[in-house]
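Colleague: I am new to this structure and would like to be walked through it. Could we look at it together?

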Amino acid sequence: MTTPLPIPPTDAASRFRFGVTGMTCASCAGRVEKALAKLPGVLSASVNLATETADVGTDGSVSAAAITAAVEGAGYGVAVEEVSMAILGMTCASCVGRVEKALAKVPGVQSASVNLATETASVRVTAGTPREALVQAVANAGYEVAPEPQPPTAGATAVPTPPPAQVAAHDRERRHLIIAALLSLPLAVPMLGMPFDQHWALPGWWQLALATPVQFWLGARFYRAAWKALKARAGNMDLLVALGTSAGYGLSLYHLLFTKPHHGEPPLYFEASAVIITLILMGKWLEARAKRQTTEAIRALQALRPATARVRNANGHEQDVPVSSVRVGDPVVVRPGERFPVDGEVIEGRSHSDESLVSGESLPVAKEPGDRVTGGAVNAEGLLVLRTTAVGAESALARIIRLVEDAQAKKAPIQRIVDRVSAVFVPVVVTIALATLLGWGFAGGDWTRAVLNAVAVLVIACPCALGLATPTAIMAGTGVAARAGILIKDAEALETTRALRTVAFDKTGTLTVGQPRVVAVEALDAGPDAVLSEAAALQSGSEHPLAHAVLDAASEAKLAVTPATGIAAIAGRGIEGRIGGRRHLLGSGRLMQEQGIRTTPLDAAAQRLAAQGRTVSWLAAETDAGFVLRGLLAFGDPPRAEAAEAIAALHAMGLRTVMVSGDNRGAANAIASALGIAPGDVMAEVLPGEKAEVIRGLAHDGRVAMVGDGINDAPALAAADVGFAMGTGTDVAMHAAGVTLMRPDPRLVADAIDISRRTTRKIHQNLFWAFIYNLVGIPLAAAGLLNPVVAGAAMALSSVSVVSNTLLLRRWSPRARH
C-alpha cells in the first residue's frame, strides 16, 4: 500500500486522509465512499482504489473513531500506525492528562497514551496522519516534542548514550540546585536559632538580594511552565509552586517596603519561598536521577549490541563491517571473548555461550555445529563461525528490547483511576488555597497568616507523585524481570499474573525435557526390528519429537528404512501411510479404538510401560481381513531437573498446578506423581483442540495461566487469562503470550508470578503514599498547622519517596538460579 501524502486540517473543515485495506475492485471503493458519505458532518468523501486511500472532508464534528467505524462497518479496514514521541516539559500527572487530551483532538488519532516516567507518548493514528499535526497539538498544550533520534552511522558505537541536550539539561539542573542551596542557606540557618530565642536573621535588603535570584532565575522554570498551562486553560504542579512561592515572596516584599515596625525588622518570609524552590529543585533532581535508574535494564540490553561484525567473504578473507551491513546467510566469525553480533547457527567450531544478560541463564551453554546462538551473548573459549539467521530489528535481542519498551510504555488499568483524579487535582487545590486565604483572613483578620497558610496548601500538593507511582514501578518490575529472562508483555499481563489461582502445564517439552527416546519395542508376529523399521518408514520426513526418536532408534539399530508413501497425519491421534502397498497406522490407543483394532495381546505390556511414565504408540497393518496389531513402541521423556522444584514453589505460593497432556493417563500420572502434582489435577489424553476447553473449564475456579511452548499450545495459551510461552524468544510466542520465558526452565513461572506480585504491591504502596501526602497534608496546611517550608519539603519528599520505594524492586532476584 502506498502511504498517502498527509493533508492537514484547514480552518473551514477538518480533512482526513488515510489508507483503506481490503479493497479489490471499483465497487469496493464505491461502497466505502457511500459508507463515509452517510456520516453526519461529512462534506465530501473520495476513495482512490489505485493508492488505496480515502480523502474525507468534514465540518469538524466528525471524529476519527466514527470514520473508522464507518469503514469497518462497510467490511474494510483503516490502515493504522503507531507513533512514538518524546515529550519535554511534563512535571506531573496533570501534564499527562493535558497532553493526552490535546493529542486525542487531532484528526486521525485513534488513541493516545502518555507515560510520565519515560516522558513519552504512544499515539495510534490512521496511516498518513502528519506527525507535524501531533507536534503542533503538543506545543499548543504547552509542551515540546523532542527531535527524532538519527539512526547511527556505519561504524558508530552501539552502546547507548544519552542525547547531548539531555546531558546538558541534567548538568544544568545540578548546577542550579547547588546555586539555589548556596543562596538559600543564609536565609534558612537563622531559622535554626528561633527555638532557642536566638535572632540571627539577616537585614531585610540582604534577604531580598538572596531570595530574588532563587525566585526569578532558578525558579523561572516554574513560571514558564505555569504560563504555558494557563494559556492552555489548565493547571499543573508548576502553577501551584509559582502561585505559592510568589505569594510568600510578594508578602515579604510588601512588608519590607511598606511596613514600619517600632523596632527591628518587619516580618519577612523570603526564606520560605527560597527554601521551597530549593527543596523542589532537589526533589526534581533526585527524581530524574532515580527515573534514569529504573530504565537501567533497557540500557543494559541495548549495550549488548556490538557495532561491528567480522564477516568471512567468498575468498575466505575476514573483514570487519558495521552490523547493519550484515545480511541473512552471511558467515560471521566470532573469536573467544567477543559478543555474537547477530543471531546465527554454528557451522564451525565448538565453544560455550554466556547468555546470562540475554536469557538470564547463569551457566554457560555448550555450542557446536547446528546449535543456534543469540546476538548479544558472549562467546567463551572457542572460535566459532556462524551462518547469520537474523539481524537488526528481527534479531532476538531487538525483539526483547522492543517487548520491554512496549510493556513500560503501556498504562496499567489502575492508572485510569489516577488519571481521573489528576484531571481535577490542580483546580481543587487552588480552590482550597483560596478558601484558606479568605477563611483565615476574614475570620481572624491576620492576612499575613492567611497568606502563609494558603502558600502551605499550594506547595504541599503533589500531583507529580501521583503521576510517577504506577509507571516507575512497571518500568522497574519489567526491567528486572527481563534481566532474569522473563518478558512481560504489558501492564495488564502484570496485574493479571499477580491474581492467578491455577497454573496449567503442558507436559511434553515443558515439564519434561522434550527429547523422547525409544525405550522399548514390543512385537506380536514380527520381530522388534521389523516393528521399528515400519514405524521409522511412517515417520520419515516428520518433524515431530516422537518421529525423531523413532528415526534415531532405527539409525542406532542400523536398520534400512524405506520411506512410506501416502503419508498423512491424523490430527491428535497419529499417522498413516503405505508400506509395500498396504496401509499402516501408528498412533495412540484412541486411534486403535476408533479403527476397531484389538490391542488385547499387548495391553498388559502397555499398562506396565505406562505405569513407568512411558508414552505408548501402537503400530497396525492392513491385511485382507482388516487391520491387525503389529506391535507397540514405548517412549521415555524424563522430567526436567527443575520441574519438581517449580511445582513445589507454586504450591508454596498457594497456587493449584494442573497437567494437561495428550499422553495416555498412565504416563501422565507417572510424571505428575514424580513432580508432586495431585492425581486429580492430571488431564490426560487431551487432544490439541480440546486443551482450550480444558483451560476455560479451569477458569471457573479463578484466573488461570497456561504454560506451553507457544506454538502447539497456541489455542490454550490464548484461552488462558495469561499465557506463558517457554522458549528462546525468537518465535511468534513472544507476541502471542502475555509472558515469555527466555529459557526452558519451569521455575521461571513462579518467578514471573513473584515479580508481578511485588510490582503490583509497589504500585499500591506508591499510590498510597502519593494520596496520603495530599489527604493528610492539605487539610493540615489549610488548618494552619504546617509551616510553608515544611510543606515544600513534604512535597519534594513525596516524589522522591515514591521513586525510591520503586527502586527497591531492583534488589529482586529470581529463584531460578543454578
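**Salt bridges, packing and buried residues**

Modeller: A salt bridge here is a side-chain nitrogen of Lys or Arg within 4 Å of a carboxyl oxygen of Asp or Glu. The model is predicted, so local features need pLDDT of at least 70 and side-chain atom pairs count only at pLDDT 80 or more, while totals for chains, interfaces and linings use all residues. Residues are numbered from 1 along each chain as its sequence is written, and side-chain values use heavy atoms, with hydrogens and water left out.

Colleague: Is R747 buried or exposed? And D745, buried or exposed?

Modeller: R747 is buried, with a relative accessible area of 7%. D745 is buried as well, at 3%. Buried means under 20% relative accessible area, exposed means over 50%, and partly exposed lies in between (1.4 Å probe, protein chains only).

Colleague: How many salt bridges does the structure hold?

Modeller: The structure holds 22 salt bridges. One of them joins the side chains of R387 and E345, at 3.0 Å from N to O. That pair links distant parts of the chain, 42 residues apart: R387 is in strand β17 (residues 384-390) and E345 is in strand β12 (residues 343-348). Helices (H or I, at least four residues) and strands (E, at least two) are DSSP runs, numbered from the N terminus. R387 is partly exposed, with a relative accessible area of 33%.

Colleague: Which residue meets D506 in a salt bridge?

Modeller: The partner of D506 is K691, and their side chains meet at 2.9 Å, N to O. This pair also links distant parts of the chain, 185 residues apart, with D506 in strand β19 (residues 502-506) and K691 in helix α24 (residues 691-698). D506 is buried at a relative accessible area of 7%, and K691 is buried at 9%.

Colleague: Which residues are linked in a network of salt bridges?

Modeller: The network links R312, E318, R335 and E348.

Colleague: Let us turn to helices. At what angle do α22 and α27 cross?

Modeller: Helix α22 (residues 643-652) and helix α27 (residues 747-782) cross at roughly 30°, and their axes come within 7 Å. Axes are lines fitted to C-alpha atoms, for helices over the stretch in contact, and angles run from 0 to 180 degrees between N-to-C directions. The two helices are therefore roughly parallel to each other. Angles under 35 degrees count as roughly parallel, over 145 as roughly antiparallel, 65 to 115 as roughly perpendicular and the rest as oblique.

Colleague: Which residues of α22 and α27 meet?

Modeller: E645, A646, A649 and L650 in α22 meet R747, V749, A750 and I753 in α27. Contact means heavy atoms within 4.5 Å. By class, that contact has 6 nonpolar, no polar and 2 charged residues. Ala, Val, Leu, Ile, Met, Phe, Trp, Tyr, Cys and Pro count as nonpolar, Asp, Glu, Lys and Arg as charged, and the others, Gly among them, as polar.

Colleague: And how do α16 and α27 pack?

Modeller: Helix α16 (residues 491-498) packs with α27 at an angle of about 105°, with the axes 8 Å apart. These helices are therefore roughly perpendicular to each other. On the α16 side the contact involves L494, E495, T497 and R498, which meet residues of α27 including A752, I753, S756 and H764. The contact of α16 with α27 divides into 3 nonpolar, 5 polar and 3 charged residues.

Colleague: Now some single residues. Where is V125 found?

Modeller: V125 lies in strand β7 (residues 120-126) and is buried, with a relative accessible area of 0%. Leaving aside neighbours within four places in sequence, V125 is in contact with residues including A79, V80, G108 and L134.

Colleague: What does N453 contact?

Modeller: Beyond neighbours within four places in sequence, N453 is in contact with T436, W440, A781 and G784. N453 is in helix α14 (residues 447-460) and counts as buried at 3% relative accessibility.

Colleague: Finally, the whole chain: how many helices and strands are there?

Modeller: The protein chain has 28 helices and 30 strands. Buried residues make up 50% of the 818 residues.
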